[in-house]
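Please walk through this model from its overall make-up to a few individual residues. The cut-offs are given as the terms come up.

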Amino acid sequence: MESKSYLVQMNGVGGKAGVPARSLNGKQGVHHVSVNGSLYPAKAKSRRLRWDVKASDMANSTLNPIRAIVDGMKLTPNKDKAMIALSIGDPTVFGNLPTDEAVLQAMRDAVDSHKFNGYAPSVGYLRSRQAVANFYSCPEASLEAEDVILTSGCSQAIELVIGVLCNPGDNILVPCPGFSLYKTLAVSMGIKVKLYNLLPEKSWEVDLQHMESLIDERTSCLIVTNPSNPCGSVFSRDHVQKILKVASKHCVPILADEIYSDMVFPGCSCPSIASLSSDVPILSCGGLAKRWLVPGWRMGWILIHDRNDVLGSEIRQGLVKLSQRILGACTIVQGALENILNNTPQSFYSKTISFLKSNSEICFGELSTVPGLNPVMPSGAMYLMVGIDMDHFPGFKNDVDFTEQLVTEQSVFCLPASAFEYPNFFRIVVTVPEEMMVEACARIREFCQRHYRPRSCDSSDLEQ
Ligand SMILES: Cc1ncc(COP(=O)(O)O)c(C=O)c1O
(Lines give C-alpha, C1' and ligand atoms only; values in the text may rest on other atoms or scores of the structure.)
Protein backbone atom coordinates (compact mmCIF):
# COMPACT_ATOMS: atom_id res chain seq x y z
CA MET A 1 0.00 0.00 0.00
CA GLU A 2 1.35 3.36 -0.92
CA SER A 3 1.58 5.92 1.81
CA LYS A 4 1.70 9.62 1.11
CA SER A 5 2.28 12.51 3.44
CA TYR A 6 1.61 16.17 2.86
CA LEU A 7 3.15 19.25 4.31
CA VAL A 8 0.35 21.35 5.79
CA GLN A 9 1.00 25.02 6.36
CA MET A 10 -0.91 25.94 9.55
CA ASN A 11 -1.23 29.63 8.89
CA GLY A 12 -4.96 29.78 8.44
CA VAL A 13 -4.77 28.75 4.81
CA GLY A 14 -4.68 25.07 5.62
CA GLY A 15 -7.43 25.21 8.28
CA LYS A 16 -11.08 26.05 8.04
CA ALA A 17 -11.70 29.35 6.36
CA GLY A 18 -10.91 32.14 8.72
CA VAL A 19 -9.87 29.82 11.63
CA PRO A 20 -6.15 29.36 12.13
CA ALA A 21 -5.44 25.64 12.24
CA ARG A 22 -3.75 24.12 15.27
CA SER A 23 -1.21 21.37 15.26
CA LEU A 24 -1.30 18.33 17.54
CA ASN A 25 0.62 20.06 20.28
CA GLY A 26 -1.66 22.98 20.12
CA LYS A 27 0.85 25.27 18.46
CA GLN A 28 0.48 26.96 15.16
CA GLY A 29 3.03 26.11 12.50
CA VAL A 30 4.10 23.41 10.07
CA HIS A 31 3.57 19.72 10.61
CA HIS A 32 3.34 16.48 8.67
CA VAL A 33 0.08 14.67 8.23
CA SER A 34 0.04 11.27 6.60
CA VAL A 35 -2.93 10.16 4.56
CA ASN A 36 -2.93 6.82 6.40
CA GLY A 37 -3.43 8.62 9.68
CA SER A 38 0.06 8.04 11.04
CA LEU A 39 2.26 10.99 11.92
CA TYR A 40 5.27 9.46 10.13
CA PRO A 41 5.02 7.99 6.65
CA ALA A 42 5.17 4.20 6.47
CA LYS A 43 8.14 2.86 4.51
CA ALA A 44 7.23 2.24 0.93
CA LYS A 45 9.92 -0.41 0.46
CA SER A 46 9.92 -3.88 1.95
CA ARG A 47 11.35 -4.02 5.42
CA ARG A 48 14.34 -6.14 6.49
CA LEU A 49 13.24 -9.52 7.76
CA ARG A 50 16.41 -10.38 9.63
CA TRP A 51 19.49 -8.74 11.12
CA ASP A 52 22.29 -8.29 8.63
CA VAL A 53 24.73 -5.75 10.01
CA LYS A 54 28.01 -5.74 8.10
CA ALA A 55 31.32 -3.98 8.60
CA SER A 56 31.87 -1.17 6.10
CA ASP A 57 34.14 -1.55 3.07
CA MET A 58 36.50 0.90 4.73
CA ALA A 59 36.73 -1.22 7.87
CA ASN A 60 37.16 -4.37 5.83
CA SER A 61 39.92 -2.87 3.73
CA THR A 62 41.83 -1.62 6.78
CA LEU A 63 44.67 -4.02 7.36
CA ASN A 64 47.66 -3.67 9.65
CA PRO A 65 50.20 -6.12 8.18
CA ILE A 66 52.11 -6.35 11.47
CA ARG A 67 48.97 -7.56 13.26
CA ALA A 68 48.05 -9.79 10.33
CA ILE A 69 51.45 -11.53 10.47
CA VAL A 70 52.02 -11.57 14.23
CA ASP A 71 48.48 -12.74 15.02
CA GLY A 72 48.96 -15.61 12.57
CA MET A 73 52.19 -16.78 14.26
CA LYS A 74 52.32 -19.54 16.84
CA LEU A 75 54.26 -17.80 19.58
CA THR A 76 54.92 -20.36 22.30
CA PRO A 77 58.05 -19.38 24.25
CA ASN A 78 60.39 -21.95 25.74
CA LYS A 79 59.22 -22.13 29.35
CA ASP A 80 62.79 -22.54 30.59
CA LYS A 81 63.87 -19.16 29.19
CA ALA A 82 62.45 -15.75 30.01
CA MET A 83 60.87 -14.08 27.02
CA ILE A 84 62.81 -11.25 25.38
CA ALA A 85 60.72 -9.18 22.97
CA LEU A 86 62.90 -7.32 20.50
CA SER A 87 59.84 -6.57 18.43
CA ILE A 88 58.08 -3.61 20.01
CA GLY A 89 58.84 -0.11 18.74
CA ASP A 90 57.87 1.42 22.09
CA PRO A 91 60.93 2.67 23.98
CA THR A 92 59.07 2.76 27.30
CA VAL A 93 58.28 -0.94 27.71
CA PHE A 94 61.33 -1.95 29.73
CA GLY A 95 61.52 1.21 31.86
CA ASN A 96 65.20 1.70 31.06
CA LEU A 97 64.62 4.82 28.98
CA PRO A 98 62.56 7.27 31.03
CA THR A 99 61.76 10.65 29.58
CA ASP A 100 63.44 13.71 31.05
CA GLU A 101 62.35 15.31 34.31
CA ALA A 102 61.82 18.62 32.46
CA VAL A 103 59.30 16.89 30.20
CA LEU A 104 57.39 15.53 33.18
CA GLN A 105 57.51 18.89 34.95
CA ALA A 106 56.09 20.62 31.89
CA MET A 107 53.15 18.22 32.01
CA ARG A 108 52.58 18.74 35.73
CA ASP A 109 52.61 22.50 35.22
CA ALA A 110 50.15 22.21 32.35
CA VAL A 111 47.74 20.18 34.49
CA ASP A 112 48.12 22.44 37.52
CA SER A 113 47.50 25.60 35.52
CA HIS A 114 43.91 24.47 34.81
CA LYS A 115 44.26 26.33 31.52
CA PHE A 116 44.22 23.39 29.16
CA ASN A 117 41.06 21.47 29.97
CA GLY A 118 38.88 22.86 27.21
CA TYR A 119 38.73 22.37 23.47
CA ALA A 120 41.64 23.81 21.54
CA PRO A 121 41.40 25.05 17.96
CA SER A 122 41.41 22.04 15.61
CA VAL A 123 44.94 22.83 14.42
CA GLY A 124 46.20 23.38 17.98
CA TYR A 125 46.81 26.36 20.27
CA LEU A 126 48.60 29.17 18.45
CA ARG A 127 51.23 29.38 21.18
CA SER A 128 52.03 25.68 20.96
CA ARG A 129 52.24 25.85 17.16
CA GLN A 130 54.56 28.83 17.48
CA ALA A 131 56.76 26.82 19.87
CA VAL A 132 57.07 23.99 17.33
CA ALA A 133 57.75 26.49 14.53
CA ASN A 134 60.52 28.13 16.59
CA PHE A 135 62.03 24.75 17.48
CA TYR A 136 62.26 23.52 13.88
CA SER A 137 62.81 26.78 12.03
CA CYS A 138 66.19 27.13 10.34
CA PRO A 139 67.53 29.69 7.88
CA GLU A 140 67.11 27.27 4.95
CA ALA A 141 63.53 26.34 5.90
CA SER A 142 61.88 28.89 8.14
CA LEU A 143 58.55 28.23 9.80
CA GLU A 144 55.78 30.36 11.29
CA ALA A 145 53.01 29.21 13.61
CA GLU A 146 50.63 29.05 10.65
CA ASP A 147 52.88 26.43 9.02
CA VAL A 148 52.31 24.03 11.93
CA ILE A 149 49.32 21.78 12.56
CA LEU A 150 49.25 19.78 15.78
CA THR A 151 47.90 16.25 15.53
CA SER A 152 47.25 13.15 17.57
CA GLY A 153 50.67 11.57 17.14
CA CYS A 154 52.66 11.41 13.95
CA SER A 155 50.15 8.82 12.74
CA GLN A 156 47.39 11.40 12.43
CA ALA A 157 49.80 13.80 10.74
CA ILE A 158 50.46 11.13 8.11
CA GLU A 159 46.74 10.47 7.74
CA LEU A 160 45.94 14.15 7.20
CA VAL A 161 48.72 14.60 4.65
CA ILE A 162 47.73 11.54 2.63
CA GLY A 163 44.11 12.64 2.96
CA VAL A 164 44.73 16.16 1.65
CA LEU A 165 46.98 15.17 -1.25
CA CYS A 166 45.29 12.06 -2.61
CA ASN A 167 42.00 11.06 -4.16
CA PRO A 168 40.78 7.47 -4.51
CA GLY A 169 42.52 5.96 -7.53
CA ASP A 170 45.66 8.08 -7.06
CA ASN A 171 48.85 6.37 -6.01
CA ILE A 172 51.57 7.11 -3.47
CA LEU A 173 55.18 5.95 -3.46
CA VAL A 174 56.21 4.18 -0.28
CA PRO A 175 59.63 2.83 0.76
CA CYS A 176 60.18 -0.92 0.90
CA PRO A 177 60.96 -1.98 3.53
CA GLY A 178 58.92 0.71 5.20
CA PHE A 179 56.61 1.61 8.04
CA SER A 180 53.37 -0.27 7.49
CA LEU A 181 50.94 2.51 8.46
CA TYR A 182 51.27 4.27 5.09
CA LYS A 183 49.74 1.33 3.28
CA THR A 184 47.18 0.66 5.99
CA LEU A 185 45.85 4.21 5.70
CA ALA A 186 46.11 4.55 1.93
CA VAL A 187 44.41 1.29 0.99
CA SER A 188 41.45 1.99 3.25
CA MET A 189 41.08 5.36 1.49
CA GLY A 190 41.08 3.75 -1.98
CA ILE A 191 44.59 5.02 -2.72
CA LYS A 192 47.05 2.70 -4.43
CA VAL A 193 50.47 2.03 -2.99
CA LYS A 194 53.58 1.58 -5.11
CA LEU A 195 56.61 0.29 -3.24
CA TYR A 196 60.03 1.64 -4.17
CA ASN A 197 63.07 -0.39 -3.20
CA LEU A 198 65.64 0.49 -0.60
CA LEU A 199 69.05 -1.14 -1.07
CA PRO A 200 70.52 -2.96 1.94
CA GLU A 201 73.92 -3.17 0.29
CA LYS A 202 73.95 0.64 0.10
CA SER A 203 72.90 1.18 3.73
CA TRP A 204 69.26 1.25 2.61
CA GLU A 205 69.57 4.12 0.16
CA VAL A 206 66.69 4.52 -2.28
CA ASP A 207 66.93 2.75 -5.62
CA LEU A 208 66.35 6.05 -7.41
CA GLN A 209 65.81 4.56 -10.85
CA HIS A 210 63.22 2.18 -9.50
CA MET A 211 61.49 4.97 -7.62
CA GLU A 212 61.37 7.20 -10.69
CA SER A 213 60.07 4.38 -12.88
CA LEU A 214 56.99 4.09 -10.65
CA ILE A 215 55.86 7.70 -11.01
CA ASP A 216 52.89 8.30 -13.28
CA GLU A 217 50.27 11.00 -13.78
CA ARG A 218 48.29 9.76 -10.78
CA THR A 219 51.19 9.80 -8.34
CA SER A 220 50.15 12.38 -5.79
CA CYS A 221 52.70 11.92 -3.04
CA LEU A 222 56.17 10.51 -2.40
CA ILE A 223 56.76 9.29 1.14
CA VAL A 224 60.32 9.46 2.44
CA THR A 225 61.13 8.12 5.91
CA ASN A 226 64.39 9.53 7.23
CA PRO A 227 65.77 8.22 9.61
CA SER A 228 64.04 4.97 8.81
CA ASN A 229 61.84 2.51 10.58
CA PRO A 230 62.54 -0.41 10.11
CA CYS A 231 66.10 0.10 8.78
CA GLY A 232 67.64 2.60 11.19
CA SER A 233 69.25 4.15 8.13
CA VAL A 234 69.99 7.85 7.68
CA PHE A 235 70.35 9.34 4.21
CA SER A 236 73.32 11.54 3.38
CA ARG A 237 72.71 15.12 2.27
CA ASP A 238 73.76 14.12 -1.23
CA HIS A 239 71.25 11.27 -1.35
CA VAL A 240 68.38 13.45 -0.11
CA GLN A 241 69.24 15.93 -2.86
CA LYS A 242 68.97 13.15 -5.44
CA ILE A 243 65.55 12.16 -4.12
CA LEU A 244 64.47 15.81 -4.29
CA LYS A 245 65.66 16.01 -7.88
CA VAL A 246 63.36 13.16 -8.89
CA ALA A 247 60.42 14.71 -7.03
CA SER A 248 61.12 18.10 -8.61
CA LYS A 249 61.43 16.65 -12.12
CA HIS A 250 58.00 15.00 -11.84
CA CYS A 251 56.37 17.70 -9.65
CA VAL A 252 55.44 15.29 -6.87
CA PRO A 253 55.15 16.69 -3.32
CA ILE A 254 56.92 14.84 -0.50
CA LEU A 255 55.50 13.56 2.76
CA ALA A 256 58.66 13.47 4.88
CA ASP A 257 58.17 11.15 7.83
CA GLU A 258 60.71 12.67 10.22
CA ILE A 259 59.47 11.22 13.50
CA TYR A 260 63.07 10.06 14.15
CA SER A 261 64.59 13.41 13.18
CA ASP A 262 67.73 14.23 15.18
CA MET A 263 67.91 10.64 16.48
CA VAL A 264 71.14 10.02 14.61
CA PHE A 265 74.36 8.58 15.90
CA PRO A 266 77.32 10.92 16.54
CA GLY A 267 79.33 11.60 13.43
CA CYS A 268 76.30 11.32 11.20
CA SER A 269 74.23 14.32 10.15
CA CYS A 270 70.63 14.32 9.04
CA PRO A 271 69.45 17.67 7.73
CA SER A 272 65.69 17.89 7.36
CA ILE A 273 64.46 17.19 3.84
CA ALA A 274 62.82 20.63 3.73
CA SER A 275 66.11 22.36 4.48
CA LEU A 276 67.54 20.90 1.25
CA SER A 277 64.54 21.51 -0.97
CA SER A 278 64.52 24.54 -3.22
CA ASP A 279 61.19 23.93 -4.93
CA VAL A 280 59.57 20.65 -3.87
CA PRO A 281 56.86 21.24 -1.24
CA ILE A 282 57.55 19.19 1.86
CA LEU A 283 54.93 18.20 4.41
CA SER A 284 57.05 17.00 7.30
CA CYS A 285 55.40 14.76 9.89
CA GLY A 286 56.90 14.44 13.35
CA GLY A 287 56.08 14.32 17.03
CA LEU A 288 57.16 13.75 20.59
CA ALA A 289 56.85 9.95 20.56
CA LYS A 290 60.39 8.84 19.89
CA ARG A 291 62.86 11.60 20.61
CA TRP A 292 61.17 12.52 23.88
CA LEU A 293 60.31 8.87 24.64
CA VAL A 294 56.59 9.45 25.29
CA PRO A 295 54.69 7.67 22.49
CA GLY A 296 51.56 7.36 24.61
CA TRP A 297 51.14 11.11 24.85
CA ARG A 298 50.03 11.19 21.22
CA MET A 299 51.53 14.51 20.21
CA GLY A 300 52.41 14.95 16.58
CA TRP A 301 52.64 17.70 14.00
CA ILE A 302 52.74 18.60 10.35
CA LEU A 303 55.28 21.22 9.28
CA ILE A 304 54.25 22.82 6.00
CA HIS A 305 57.27 23.83 3.94
CA ASP A 306 56.24 25.41 0.69
CA ARG A 307 58.87 27.94 -0.28
CA ASN A 308 57.53 28.61 -3.75
CA ASP A 309 53.88 28.57 -2.72
CA VAL A 310 53.23 25.55 -4.91
CA LEU A 311 50.54 24.23 -2.59
CA GLY A 312 48.73 27.54 -2.35
CA SER A 313 45.93 28.08 0.09
CA GLU A 314 43.92 25.05 -1.05
CA ILE A 315 46.15 22.45 0.57
CA ARG A 316 46.52 24.50 3.74
CA GLN A 317 42.78 24.97 3.97
CA GLY A 318 42.29 21.30 3.16
CA LEU A 319 44.50 20.35 6.08
CA VAL A 320 42.55 22.68 8.36
CA LYS A 321 39.27 21.14 7.17
CA LEU A 322 40.54 17.62 7.74
CA SER A 323 41.78 18.60 11.21
CA GLN A 324 38.22 19.65 12.01
CA ARG A 325 36.86 16.12 11.58
CA ILE A 326 38.24 14.97 14.92
CA LEU A 327 40.21 17.24 17.24
CA GLY A 328 43.74 15.91 17.35
CA ALA A 329 46.35 16.60 19.98
CA CYS A 330 45.53 16.35 23.69
CA THR A 331 45.27 19.88 25.14
CA ILE A 332 47.34 19.10 28.24
CA VAL A 333 50.27 18.01 26.09
CA GLN A 334 49.72 21.05 23.87
CA GLY A 335 49.88 23.21 26.99
CA ALA A 336 53.15 21.54 28.00
CA LEU A 337 54.68 21.63 24.54
CA GLU A 338 56.47 24.96 24.70
CA ASN A 339 58.23 23.99 27.94
CA ILE A 340 58.98 20.48 26.68
CA LEU A 341 60.68 21.84 23.59
CA ASN A 342 62.49 24.67 25.35
CA ASN A 343 63.50 23.02 28.62
CA THR A 344 64.61 19.50 27.66
CA PRO A 345 68.37 19.55 28.19
CA GLN A 346 70.72 18.58 25.39
CA SER A 347 72.22 15.96 27.71
CA PHE A 348 68.92 14.00 27.62
CA TYR A 349 68.99 13.69 23.84
CA SER A 350 72.69 12.79 23.82
CA LYS A 351 72.23 10.13 26.49
CA THR A 352 69.44 8.45 24.53
CA ILE A 353 71.44 8.51 21.32
CA SER A 354 74.57 7.11 22.87
CA PHE A 355 72.54 4.28 24.44
CA LEU A 356 70.93 3.45 21.09
CA LYS A 357 74.28 3.53 19.35
CA SER A 358 75.97 1.37 21.95
CA ASN A 359 73.18 -1.23 21.87
CA SER A 360 73.22 -1.21 18.06
CA GLU A 361 76.97 -1.83 18.09
CA ILE A 362 76.60 -4.71 20.54
CA CYS A 363 73.87 -6.26 18.44
CA PHE A 364 75.61 -5.68 15.12
CA GLY A 365 78.96 -6.90 16.47
CA GLU A 366 77.44 -10.11 17.82
CA LEU A 367 75.20 -10.98 14.89
CA SER A 368 77.69 -10.17 12.15
CA THR A 369 79.76 -13.14 13.32
CA VAL A 370 76.80 -15.53 13.25
CA PRO A 371 76.93 -17.71 10.14
CA GLY A 372 73.86 -17.19 7.96
CA LEU A 373 72.94 -13.76 9.31
CA ASN A 374 73.65 -10.40 7.69
CA PRO A 375 72.89 -7.49 10.01
CA VAL A 376 73.01 -3.97 8.58
CA MET A 377 74.50 -1.43 10.98
CA PRO A 378 72.07 1.46 11.56
CA SER A 379 73.01 5.14 11.79
CA GLY A 380 70.01 6.30 13.81
CA ALA A 381 66.42 5.69 14.98
CA MET A 382 65.94 2.58 17.15
CA TYR A 383 66.06 -0.38 14.79
CA LEU A 384 68.43 -2.77 13.13
CA MET A 385 67.58 -5.06 10.23
CA VAL A 386 69.12 -8.51 9.92
CA GLY A 387 69.18 -10.47 6.67
CA ILE A 388 68.68 -14.23 6.88
CA ASP A 389 70.56 -16.30 4.36
CA MET A 390 67.64 -18.66 3.87
CA ASP A 391 69.72 -21.07 1.76
CA HIS A 392 71.62 -21.90 4.92
CA PHE A 393 68.46 -22.56 6.90
CA PRO A 394 66.61 -25.11 4.79
CA GLY A 395 64.55 -26.12 7.81
CA PHE A 396 62.55 -22.88 7.54
CA LYS A 397 60.16 -21.77 4.84
CA ASN A 398 60.70 -18.04 5.34
CA ASP A 399 61.40 -15.26 7.86
CA VAL A 400 58.06 -15.79 9.60
CA ASP A 401 58.81 -19.48 10.12
CA PHE A 402 62.36 -18.64 11.28
CA THR A 403 61.30 -16.04 13.85
CA GLU A 404 58.44 -18.22 15.08
CA GLN A 405 60.82 -21.09 15.80
CA LEU A 406 63.23 -18.65 17.46
CA VAL A 407 60.48 -17.92 19.98
CA THR A 408 59.71 -21.61 20.47
CA GLU A 409 63.33 -22.55 21.17
CA GLN A 410 64.93 -19.42 22.59
CA SER A 411 62.06 -17.19 23.75
CA VAL A 412 63.40 -14.31 21.65
CA PHE A 413 60.90 -12.50 19.47
CA CYS A 414 62.04 -10.41 16.51
CA LEU A 415 59.59 -9.01 13.98
CA PRO A 416 59.77 -10.85 10.65
CA ALA A 417 60.34 -8.22 7.97
CA SER A 418 57.51 -9.68 5.88
CA ALA A 419 55.54 -7.26 8.05
CA PHE A 420 57.36 -4.53 6.11
CA GLU A 421 56.90 -6.35 2.78
CA TYR A 422 60.54 -7.39 2.93
CA PRO A 423 60.89 -11.14 3.37
CA ASN A 424 64.04 -12.91 4.58
CA PHE A 425 64.95 -10.23 7.07
CA PHE A 426 63.93 -9.56 10.63
CA ARG A 427 63.88 -6.32 12.63
CA ILE A 428 65.40 -5.83 16.05
CA VAL A 429 64.40 -2.93 18.32
CA VAL A 430 67.51 -1.66 20.10
CA THR A 431 65.84 0.11 23.03
CA VAL A 432 65.93 -2.95 25.32
CA PRO A 433 68.31 -2.92 28.32
CA GLU A 434 71.89 -3.80 27.40
CA GLU A 435 72.00 -7.09 29.33
CA MET A 436 68.86 -8.23 27.52
CA MET A 437 70.40 -7.35 24.18
CA VAL A 438 73.54 -9.35 25.02
CA GLU A 439 71.47 -12.35 26.17
CA ALA A 440 69.17 -12.16 23.14
CA CYS A 441 72.12 -12.11 20.73
CA ALA A 442 73.70 -15.14 22.46
CA ARG A 443 70.43 -17.03 22.09
CA ILE A 444 70.06 -16.04 18.43
CA ARG A 445 73.60 -17.34 17.86
CA GLU A 446 72.80 -20.65 19.52
CA PHE A 447 69.64 -20.96 17.44
CA CYS A 448 71.43 -20.23 14.18
CA GLN A 449 74.29 -22.62 14.96
CA ARG A 450 71.77 -25.36 15.57
CA HIS A 451 69.91 -24.83 12.29
CA TYR A 452 72.68 -23.65 9.97
CA ARG A 453 73.45 -25.97 7.05
CA PRO A 454 76.18 -25.41 4.47
CA ARG A 455 74.76 -24.91 0.99
CA SER A 456 74.70 -28.10 -1.09
CA CYS A 457 77.37 -26.62 -3.42
CA ASP A 458 79.46 -25.66 -0.35
CA SER A 459 79.34 -29.27 0.90
CA SER A 460 80.28 -30.68 -2.50
CA ASP A 461 83.19 -28.20 -2.50
CA LEU A 462 84.22 -29.68 0.84
CA GLU A 463 83.90 -33.22 -0.45
CA GLN A 464 86.26 -32.59 -3.38
C1 LIG B 1 58.31 5.85 10.81
C2 LIG B 1 57.20 6.10 11.78
N3 LIG B 1 56.30 7.05 11.51
C4 LIG B 1 55.28 7.31 12.34
C5 LIG B 1 55.11 6.60 13.52
C6 LIG B 1 53.92 6.90 14.40
O7 LIG B 1 54.24 7.77 15.41
P8 LIG B 1 53.15 8.14 16.54
O9 LIG B 1 53.27 7.13 17.61
O10 LIG B 1 53.56 9.53 17.00
O11 LIG B 1 51.82 8.15 15.90
C12 LIG B 1 56.04 5.60 13.84
C13 LIG B 1 55.86 4.81 15.06
O14 LIG B 1 56.48 3.82 15.31
C15 LIG B 1 57.10 5.34 12.96
O16 LIG B 1 58.00 4.39 13.21
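Two residues are in contact if their C-beta atoms, placed from the backbone, lie within 7 Å. Among contacts in the protein between residues at least 6 apart in sequence, 72% join residues at least 24 apart. This is a predicted model, in which local features need pLDDT of at least 70 and side-chain atom pairs count only at pLDDT 80 or more, while totals for chains, interfaces and linings use all residues. Residues are numbered from 1 along each chain as its sequence is written.

The protein has 15 helices and 16 strands; these are DSSP runs, H or I of at least four residues for helices and E of at least two for strands, numbered from the N terminus. Of its 464 residues, 39% count as buried. A residue is buried if 20 or more other C-beta atoms lie within 10 Å of its own, exposed if 12 or fewer, and partly exposed in between.

The largest nonpolar core has 115 residues, of which Val161, Ile162, Leu255, Cys285 and Ile302 touch the most other members. Helix α5 gives this core its largest share, 8 residues. Such a core is a set of buried Ala, Val, Leu, Ile, Met, Phe, Trp, Tyr and Cys residues joined through C-beta atoms within 7 Å. Beyond its neighbours within four places in sequence, Ile162 is in contact with residues including Ile172, Leu185, Met189 and Leu255.

Helix α5 (residues 153-165) also supplies the largest share of the shell around the ligand, 3 residues. Among the 13 residues of that shell, Gly153, Cys154, Ser155, Asn229 and Ala289 come nearest; a residue belongs there if its C-beta atom, placed from the backbone, lies within 6 Å of the ligand.

Lys290 is listed by UniProt, in an unreviewed entry, as "modified residue: N6-(pyridoxal phosphate)lysine"; such annotations may be inferred rather than shown by experiment. Lys290 sits in the loop between β10 (282-287) and β11 (299-305). Is Lys290 buried or exposed? Lys290 is buried, because 24 other C-beta atoms lie within 10 Å. Leaving aside neighbours within four places in sequence, its contacts are Pro91, Ile259, Tyr260, Met263 and Met382.

Some backbone geometry remains. Most residues other than glycine have a negative phi, and most peptide bonds are trans. Asn226 and Pro227 are joined by a cis peptide bond with omega about -10°, and the bond from Asn229 to Pro230 is cis with omega near 20°. Glu421, which is not a glycine, has a positive phi of about 60°.
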